Amino acid sequence: MKPRWLLLLIPLGAGLILALVVRYAAPTNPVLYLRADLATLILIGAALLSLAWFAAGWVAARFEHQRQDLIAQASDDRLRFLRRLDHELKNPLTAMRAGLANASEAPDEAARLAAFATVEAQALRLSRLSADLRKLAELETRPLEQAAVDAAGLLQEAFDLVQERAGDRQLSLSIPQAPWPLPQISGDPDLLFLAVHNLLENAVKFTRPGDRVEVRAFEDGSRLVIEVADTGPGIPEDELPHVWEELYRGQGAQGVPGSGLGLALVRAVIERHGGQVGLRSRAGQGTVFTLRLPVT
Amino acid sequence: MKQASPRILLVDDETAITANLAPLLERAGFEVAVAGDGEQALGLVAGFAPDLVVMDVLMPRLNGRETLRRLRQAGNWTPIILLTQVGEAIERAMALEEGADDYLNKPFDPHELVARIRAVLRRARPGQPPLAAAERIACGPLTLERRARRAWLGNVELTLTPKAVALLEYLMTHPDELVSRERLLDAVWGWDYPIGTRAVDTRIAELRRVLGDDADQPSYIETVSGQGYRFVGRVETAR
């Protein structure tokens, strides 16, 4: 909205420059005498007033329009979130009710214990969902720790941890040493580790054995850039804008375990640190996730 | 001398929770009374004389925080475990500041509650304020000023990250207790995540470095292999 208000100042600015030019740079600054009868002056005054009124109304209407758009957007987001939350709750609850029914009608002790085990597993799944939701909410409000974080060390640790569970995927990590090592970043080391780890784990989760996962980091002017690229199945174009949303599950993520909040947490952590997240993907070829963080 | 079963007062407005937790606590060897809100709880503290109170925070009429405050103002130091529902770090800090002995985030593993109750009862000094309610606590030359969140070793103020101070505070107010990494995550970080145990180890290393504590012969923090950490020093209320 701000730039539009600035547009209104363009005539004033142009007039000011022109006036200065005429006053100091032009050879003459002629004095003009205008004659007008009272009726014409009244007419011109009224027309100018109407014009100003019209302009003000137009600006206000635009402002209101944008506000309405924002409200509609927020309301859409809220509705989408509620639907997704409903969906996330539905499955474990259905499984729990089936499990309890099985337990009460179980023919023997083994069947009863098996039924209880499914109920417990689903309860834990719901607990994790609730914990992740709480994490997200807290991220918005809790004060952020500002410690110096060694980005290279953090990447290496997260990489080592994920590599243990990477199966047959080919993982590689490249951290530049020349002309100088990666810069330090400032923030909460635990949250930053969580973000990087989530991203790496995501890459492993959504690729197939034999796929490549490359983790790269480099300095780009005032930013530290971390890329996690894979040769996985890729993300369809129409899903790309939604990938960072809370509880969003794309086609490829159906049936893959997880709370659906992993990437939303990554985005929340990075944005809280003054950074940005990005994503490029080609269906059938792979995906690259990008994190950009300000360098201290 | 064999004592009678410890008496636990369970306070929560959610009957589904009390109806299931009460039998579980009874099976664990406690005598249990149940209250549905803070007002009932205050009445039962007088009548039932519990050895420990397990109390929810968000309740109708009189909430857990206010109930706790009234008890402490009246000089009643019955140990209290708060079940916080709001996960805010501030909420947890307040719980300790107001003199709760421990807290658990909902939803929790019921066996963890039993473990917490046993640990708090073991620590309790009947009729006296718990370490958890002390403004300054000390272990030898190490002093921790809790409200200001500052620590000293002798006359030298220690430079610690806020997380490390919170971790030190939790360990010092739970002396001689084996605390698992998961429990520390829940209590200090406020949320558990699968990779978080690494975060705990990093901060413990920071604490040891700053305190000059030897992990093999610790005067403060002992590593219990595969299980967690224990504050081994003797902690006292400091003036």
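Two strands are taken as paired if DSSP finds at least two bridges between them. By that criterion, in this predicted model, strand 8 (residues 150–153) of chain B and strand 9 of chain B pair in the antiparallel sense, over 2 bridges.

## The sheet of chain B

These two strands belong to an open sheet of 5 strands in chain B, whose order is 9-8-7-6-13 and whose pairing is antiparallel. Its edges are formed by strand 9 (156–157) and strand 13 (236–238) of chain B, each of which pairs on one side only. Helix 6 (residues 162–172) of chain B packs on this sheet, where it touches strand 6 (136–139), strand 7 (142–145) and strand 8 of chain B, and the direction of helix 6 makes about 110° with that of strand 7 of chain B.

Two packed helices are described by the angle between their axes and the distance between the axes.

| Helix pair | Angle between axes | Distance between axes |
|---|---|---|
| Helix 6 of chain B and helix 8 (residues 197–211) of chain B | about 85° | 10 Å |
| Helix 7 (residues 181–189) of chain B and helix 8 of chain B | about 80° | 9 Å |

Angles of 65 to 115 degrees count as roughly perpendicular, and helix 7 of chain B is therefore roughly perpendicular to helix 8 of chain B. On the side of helix 7 of chain B, the contact is made by R181(B), L184(B), L185(B) and W189(B), while helix 8 of chain B contributes T197(B), A199(B) and V200(B). Sorted by class, this contact of helix 7 with helix 8 of chain B has 5 nonpolar, 1 polar and 1 charged residues.

Helix 6 of chain B and helix 8 of chain B are likewise roughly perpendicular to each other. Here K163(B), A164(B), L167(B) and L168(B) of helix 6 of chain B meet R203(B), E206(B) and L207(B) of helix 8 of chain B. The residues of this contact of helix 6 with helix 8 of chain B divide into 4 nonpolar, no polar and 3 charged.

Strand 4 (residues 80–84) of chain B and strand 5 of chain B pair in the parallel sense over 4 bridges, and L83(B) stands opposite L104(B) in strand 5 of chain B. In a regular strand the side chains alternate between the two faces of the sheet. In strand 5 (residues 102–105) of chain B, D102(B) and L104(B) point one way and Y103(B) and N105(B) the other way, and all of these residues are buried.

## Domains

Chain B is divided into domain 1 (7–123) and domain 2 (134–238), and the centres of these two domains of chain B, taken over C-alpha atoms, are separated by 25 Å. Chain A, in turn, is divided into domain 1 (2–69), domain 2 (88–141) and domain 3 (147–294). The centres of domain 2 and domain 3 of chain A, again taken over C-alpha atoms, lie 29 Å apart. Their contact takes 8 residues from domain 2 of chain A and 10 residues from domain 3 of chain A. Helix 4 (residues 109–141) of chain A supplies 7 residues, the largest share of the side of domain 2 of chain A that touches domain 3 of chain A. By class, that side of domain 2 of chain A has 4 nonpolar, no polar and 4 charged residues.

## Backbone geometry in loops

Most residues other than glycine have a negative phi, and most peptide bonds are trans. In chain A, the peptide bond from A178(A) to P179(A) is cis, with omega near 0°, and P179(A) lies in the loop between strand 2 (170–174) and strand 3 (184–187) of chain A.

Positive phi values occur at L247(A), near 65°, and at D176(B), near 60°. L247(A) is placed in the loop between strand 5 (223–230) and helix 7 (262–272) of chain A, and L247(A) counts as buried, with 20 C-beta neighbours inside 10 Å. D176(B) is placed in the loop between helix 6 and strand 10 (179–180) of chain B, and D176(B) is partly exposed, with 14 other C-beta atoms within 10 Å. The C-alpha atoms of D176(B) and N105(B), 71 residues apart along the chain, are separated by 22 Å.

Terms used:
Residues numbered from 1 in each chain as written. Chains lettered and ligands numbered in written order. Predicted model: local features only at pLDDT ≥ 70, side-chain atom pairs only at ≥ 80, totals over all residues. Contact = placed C-beta atoms within 7 Å. Axes fitted to C-alpha atoms, helices over the stretch in contact; angles between N-to-C directions. Domains from an automatic or database assignment. Nonpolar A, V, L, I, M, F, W, Y, C, P; charged D, E, K, R; others polar. Buried ≥ 20, exposed ≤ 12 C-beta atoms within 10 Å, placed from the backbone. Parallel < 35°, antiparallel > 145°, perpendicular 65-115°, else oblique.
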